[in-house]
Amino acid sequence: MTQKNQTIGKYRWTICSLLFFATTINYLDRQVLSLTWSDFIAPEFHWTNNDYGNITALFSIFYAVSLLFAGRFVDWLDTKKGFLWAIGIWSVGACLHAFCGIATSGIITGNWFVGFEGAKEIIATINDTAMVINVSVTLFIFARFILALGEAGNFPAAIKTTAEYFPKKDRAFSTSIFNAGATVGALAAPITIPFIAKAFGWEMAFIIIGALGFVWMGFWIFMYDKPERHPKVSAAELAYIQQDDIADSKLVGYVPETTTKVSLKQCLTYRQTWAFAFGKFMTDGVWWFFLFWTPAYLSSVYGMDSTQAAFPLFVLYMITLLSIIGGWLPTYFVEKKGMDPYAGRMRSMLIFAFFPLLALVAQPLGYISYWLPVIIIGIAGAAHQAWSANIFTTVGDMFPKKAIATITGIGGLAGGVGSTVINKSSGLLFDYTQETNMVFMGFQGIEAGYFIIFSICAVCYLIGWSVMKILVPKYSPITDL
């Protein structure tokens, strides 16, 4: 570390580390179901791909709608309280999944006072399979709703915190670091969750992972405060953090930021909002598809159970950690090429948009080895996370701090709608191709289904980038909110 950095101070990176761990827990919690449903939950409750697709699709729409309100909620309560409420709610929701078996047994037979194993034994004796499916799916949907309600607060609060603690030129890098928590969560999930489920039952996997959020809350209470009030933020570091306020004040038509609350209607009048929302709509579903369906893909196409798939998934998400480069690249364009932050970000996003095209050959190359689609999905995932770090920071580039969580929520809603479409469509398509043994482009059965979805995922980023560039061709910050 240089003498200059030592003088400035680095407490902002401590706050960034807290955001990283919150995001890691966020993704661990949402991964428990995808890594336990096929081997443990589906046999117990007789689920099909479509049942799982319904649950994941509804989670996506719950998450999407919740994001709209979560952004407003975080802006209203402000960062500290908003984040605490968010992670507390989603941790409760994560733990609730564990009790769906007991509740299914109780609703159908009236036997409520049983343990996890007792519930399994009772459910196994129920002859009405359709009722078991309907009740269990409904209960899991409720648990996913609580999970989604809380998890929706993570990114609005984290992006708002980043805008509070980092100047614009560093925000993509800091966002890429905390956003890497999504990858680390996804990375840790396959090497922990299936083994917990196998050793202690799928219910304990939800409880153990869900409890991590409560631990994080203690650190947040004692370690976070606004940088201008925090005793560990030096005057030099505060000046570094707030350097954009001086630069923006020199813009023609600049209006100093106030604390007046902004309305959704106001936010929706700006092209910048719609550009962000469309970019999220086109691309969020790709990441969620890879997150929710890759374990099922390795099971359906290559016959792996959750423990056999653990190492390939670990490698896949290790590759995804390359996304941290996505935060560094815009800084390079700004500092070395003299671009403004928005131009550097858009140039970087265009580069990242080409990497998912590799998904077009993931399924064809899978005939050589399953490692090839695993590597390709990992590269596509890294490109997505690099894209994601940059699209999030376009909000901080364009909007005042008081509106950041709200705009992030609007974009999250759009991304959740896109995720709902792809998750629901995938479940229906996979069941259809499996039942009809459909042939498409030389692929048969469920492999044809995965080839179709991979091909759609491949082109989403270039479409999203093109529309964003048309809507906001150059740096145009909002100064009248």
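**Close-up 1. Helix 22 bends by about 30° at Cys460.** The bend is the angle between axes fitted to the seven residues ending at a residue and the seven starting there. Helix 22 covers residues 446-471, 26 residues in total. From first C-alpha to last, helix 22 reaches 38 Å, close to the 38 Å expected at 1.5 Å a residue. That expected span is 1.5 Å times one less than the number of residues. Helices (H or I, at least four residues) are DSSP runs, numbered from the N terminus.

This is a predicted model, in which local features need pLDDT of at least 70, side-chain atom pairs count only at pLDDT 80 or more, and totals for chains, interfaces and linings use all residues. Residues are numbered from 1 along each chain as its sequence is written, and side-chain values use heavy atoms, with hydrogens and water left out.

**Close-up 2. Helix 6 lines one face with its buried residues.** Helix 6 spans residues 116-124, and its buried residues are Ala119, Ile122 and Ile123. Seen down the helix axis, these buried residues fall within an arc of 95°, so they line one face. The arc is that of the directions from the helix axis to the C-beta atoms. An α-helix has 3.6 residues a turn, so residues three or four places apart point the same way. Glu121 and Ala124 are exposed on the other side of helix 6. Buried means under 20% relative accessible area, exposed over 50%, and partly exposed in between (1.4 Å probe, protein chains only). What covers the buried residues includes helix 2, helix 5 (100-109) and helix 7 (129-151).

**Close-up 3. Ser419 is buried in the model.** Ser419 belongs to helix 21, residues 401-436. Its relative accessibility is 0%. Ser419 touches Ser60, Asp284, Gly285 and Trp288, with residues up to four places away in sequence not counted. Contact means heavy atoms within 4.5 Å.

**Close-up 4. Asn154 is buried in helix 8.** Helix 8 runs over residues 154-165. Asn154 has a relative accessible area of 0%. Neighbours within four places in sequence aside, Asn154 is in contact with Ala22, Thr23, Asn26, Phe83 and Trp90.

**Close-up 5. His46 and Asp78 have positive phi values.** His46 sits in the loop between helix 2 (11-45) and helix 3 (49-77). Phi of His46 is near 65°. His46 is partly exposed, at 35% relative accessible area. Asp78 lies in the loop between helix 3 and helix 4 (79-96). Phi of Asp78 is near 80°. Asp78 is partly exposed, at 28%.

How values were computed
Helices (H or I, at least four residues) and strands (E, at least two) are DSSP runs, numbered from the N terminus.
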